[in-house]
Amino acid sequence: MLVPFSYNLRSLFVRRASTLLTVFAIGATVAVVAGVLALQQGFALLYTESGREDLVVFLRPGSTNEGDSIFSRDRGLKLMKTVPEIAMDEGQQPLASLECYLAVRRFKMTGGETNVAIRGVQPMTFTLREGELEIVEGRNFQPGADEVIVGRKLVDRIQDCHIGDVIQLNTTPFKVVGVFATDASFDSEIWGDLDRMLQALKRYGPNRVLAKLVPGTDPEALAERLLSDREVPAKVLTEREYLSSQTKQLSKILVFLGAFLGVIMGIAAVFTATNTMLSALAARSHEIGILLATGFRPVPIFLSFMLEALLLGLLGGGVGILMTLPINGIETGAMNFNTFTEVAFAFRITPQVLVRAILFALTLGLLGGALPAWRAARLSPTEALRRT
Amino acid sequence: MIRVRGLSKSYQRGGETLTVLDGLNLEMEAGRFYALMGPSGSGKTTLLNLVGGLDRPDAGELFVAGEDLGKISGAILAQWRADNVGFVFQGFNLIPVLTALENVALPLTLTPLSRSERRAHALHALELVGMQDRAHHRPKQLSGGQEQRVAIARAVVTDPQIILADEPTGDLDRDSAGQVLDLLVQLHRDLDKTILMVTHDPHAAERAQSIVHLDKGQLGRIEDTPRALAAGD
Amino acid sequence: MLRLVVRNLTKHKLRSLLTVGSLVVALFLLCILRTLVTTLEAGTQAAKSNRLWVQSAVSLFVDLPLAYEAKIDAVEGVEKTCKVQWFGAYYQNEDSFFGQFAVDGDTFLDIYPEVVIVAGSRAGFLANRIGCLVGKALAKKYKWEIGDRIPLIAALFQKDDGSAWDFELEGIYEVTEPVWDDRTFFFHWDYFEKTMEATTTGQPDVGTFVVQTRQGADQVPVMAAIDQLFEHGPQRVQSTTEADFQAQFVSMMGNIPFFVAAIGGGVLLAIFLACVNTMIMAAREQTRDIGIMKALGFTDRSMFRLLTLQSMTLCVTGGLLGIGLALLAEPWIAHGMGSFFPGFAITAGTRDLGIALTLGIGVLAGIVPAWQASRLRCVEALRSME
């Protein structure tokens, strides 16, 4: 015979001040953890969701990112032309492009300094990025000209990123002629002509080759072959693989931070829930005596208390999520420790975040209810009735 | 000692106004032991609370120990209580976390007495009620009768002029009740206190000198008990 | 009165313990979080004003030609120049990461009096071409002792044959101010330059010139003069004071102070609600006691004080324990987070803020139930059963 559920609802309602305080205390805990997870999701999704499977990135063997990969221009061109797996366009030109990359010192609108990724690309890049990138303001840069276009996310965050502004790179001034928008990871970058960039920045050569593969090619087999290739050794990754490898450091930090806060704040929240359930127990020991005297077994009483604690946790989880929802979509900047550049990304409350938040809240309720429920089940009817 | 003129008191209960005392007139002498009787709802406890300054009258005059209680409130009223009244309740109302001695000494913390003086006074009060052996017990470790004797010690420790007792024997068995009543009679005789005791037990009331009958918020009659008559009071 | 406070709190031992426990946890967390921020900012405050950092104006990843050294040295107001290059190698495996820099050993120790050699000697370090200087925490981590040979596997500056770079430990240092952390590895520029010259890469460039200005020299014209020198390339430079450079570095980390503040706010809210909850429960149970005491002649104000004091006692106990725990745990955390937050140390300001927060929570959590209790009419309070 189970204790009716309405009994729990009523009990929570009767001590509503206590219930509300506990729900909000659990809620605040869940909100903090969910917030950190949403940040991690926003960051990870920006990189992995946008990474394409049909594009591959060629890096110098041994390098882990564009920053420490470097080719000579000739080596890069040779690679583009000699790898048969690279697809061709109608004019029998390889669908591949050389890109150079550098994190440059820039000033934020708010004054501090930061690192912004600057990328020199070839016209073929825009063919490869067909549909991924759109010029939303102004026009694209002219090949060979000292002009750049900037990612929309930079415009209001970084100085000198409006159309007509001039970005000085070493001794060469570049004019901002357009703003581009994209959902991909490069929306916090500045783009210009590869050769002009190489010259202005005094770079030895491009940092990577980006290419589209012939449909049906196995990227892994290609990677294995090229790693030990004598002519054009290269490390090959699909763009998706490459981008997710670039999120490791910050993701690791955020996941660690979420877990750390979850455990520590969780302890405090469990204590609070336990206190509340203990006061529920104290207020109801007389009733429990009556229940026991009328023939209820200790197990249903234990379950009834646990259910009430779970309900408390669930309400807390709901409040926590409601507290977190307003930050969904809010953009913020953080340092990507892999590339050392600042990227702008949004908090993303994904189903995964929601599920984790609710599970976390239920765990808090469960742990908080365990001790009081155990005590309730162990009450002897006579003792419970004697207590007022 | 106590002079009441046209005293009225009503309460709000579930939207309805319940008139408990309705223009009550009453006079009580100093140093006398009164029992207050009447059916449920006749206003006994309300009158006791008003006389003790726990509650405030709606209308009328209420002079107790020379003070018009209708005209003072807050901290002044609290101080007046501390100086003039001792309470004995039906449910004993000891502070559960304090020992018997600490409970008795509690009202003394409102006086300028030093810690050791307070202790000495409290011990003396416990001796008066015959509870000195139980000074360091918590209320839970005492029987009902013992708890009530400690409560009486607490009521007299500040040497108030008036002792107000609300059904002091209501929760006790016959023997314990007898002992508590003996104690009240003895304190009245030895310390010359004015005692006002609410009770619905005629045997308890017999131990007082006068019985005041209340009915529907009005004064019924005041009669002297056979004991008082025999003693010639 | 105090006895009553203590007795009331110990009556519900478990509840008081749980409340104190959650305060311990919360204050511990707040101290640690705030220390992350203060640690980031500590470098800024320790930075000395007579040191300038000259780096590429373009990017932190672009180096400057070696030939710049002589030109910078010639600038009016410059006392000494020290070359610094990020070496970026690893020891044993890729996960054992720590900072390594090639520096002009003698000048470096002159410019940075904050770096004090506590084992080995300056003379020994200077005399040994492959000598190196490591921070105390780093030496402890790898159990290095003076005279040990330390091979590092280069990632950026590889020898042609790919072999490891050999070093010999000649000195262990401590820092008196967090201008460098104590888990860094320094070695001689000459060894670095000569070794690189023998490779196909050739003569290496310089990441940073640390310039010490002459006593009493005004920084601004010196910085302007240096920047002016290379206005037309080949690499433009940007001179900043050490303090500004550190501040910029913090700024590059993004919105960390904001995140920490947001998280701290959440922690505070949760813990505050938990304390209010406990105090409301306590006050409810004491309703009858409050009625009795009022009947005995205690004033509303003294009842308010009683409950506030009760809340304060509970919160201060928990808070102080939490702060104490954070102070105790400091060395452990400093060890664990060394690579992300070098120089992790709880400041007096953080400790005082923690104490202030504790007192604040104590007062605020007690105030609502205390106010309710003081307003309670004793006739009703006495009637209550709980």
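The crossing of α2(A) and α10(A) is right-handed, meaning that the near helix is turned clockwise from the far one by less than a right angle. This is a predicted model, where local features need pLDDT of at least 70, side-chain atom pairs count only at pLDDT 80 or more, and totals for chains, interfaces and linings use all residues. Residues are numbered from 1 along each chain as its sequence is written, with chains lettered from A and ligands numbered from 1 in the order in which they are written.

**Helix packing in chain A**

- Helix α2 (residues 16–50) and helix α10 (residues 298–324) of chain A pack at about 50°, with axes 6 Å apart.
- Helices here are DSSP runs (H or I, at least four residues), and strands are too (E, at least two).
- Axes are lines fitted to C-alpha atoms over the stretch in contact, and angles run from 0 to 180 degrees between N-to-C directions.
- α2(A) and α10(A) are therefore oblique to each other; oblique is what remains after under 35 degrees (roughly parallel), over 145 (roughly antiparallel) and 65 to 115 (roughly perpendicular).

**Chain A against chain C**

- 44 residues of chain A are in contact with 40 residues of chain C (C-beta atoms, placed from the backbone, within 7 Å).
- On the chain A side, α9(A) gives the most, with 13 residues.

**Domains of chain C**

- Chain C is divided into domain 1 (2–44 + 254–383) and domain 2 (63–234), with bounds from an automatic or database domain assignment.
- The centres of domain 1 and domain 2 of chain C, taken over C-alpha atoms, are 48 Å apart.

Terms used:
Two residues are in contact if their C-beta atoms, placed from the backbone, lie within 7 Å.
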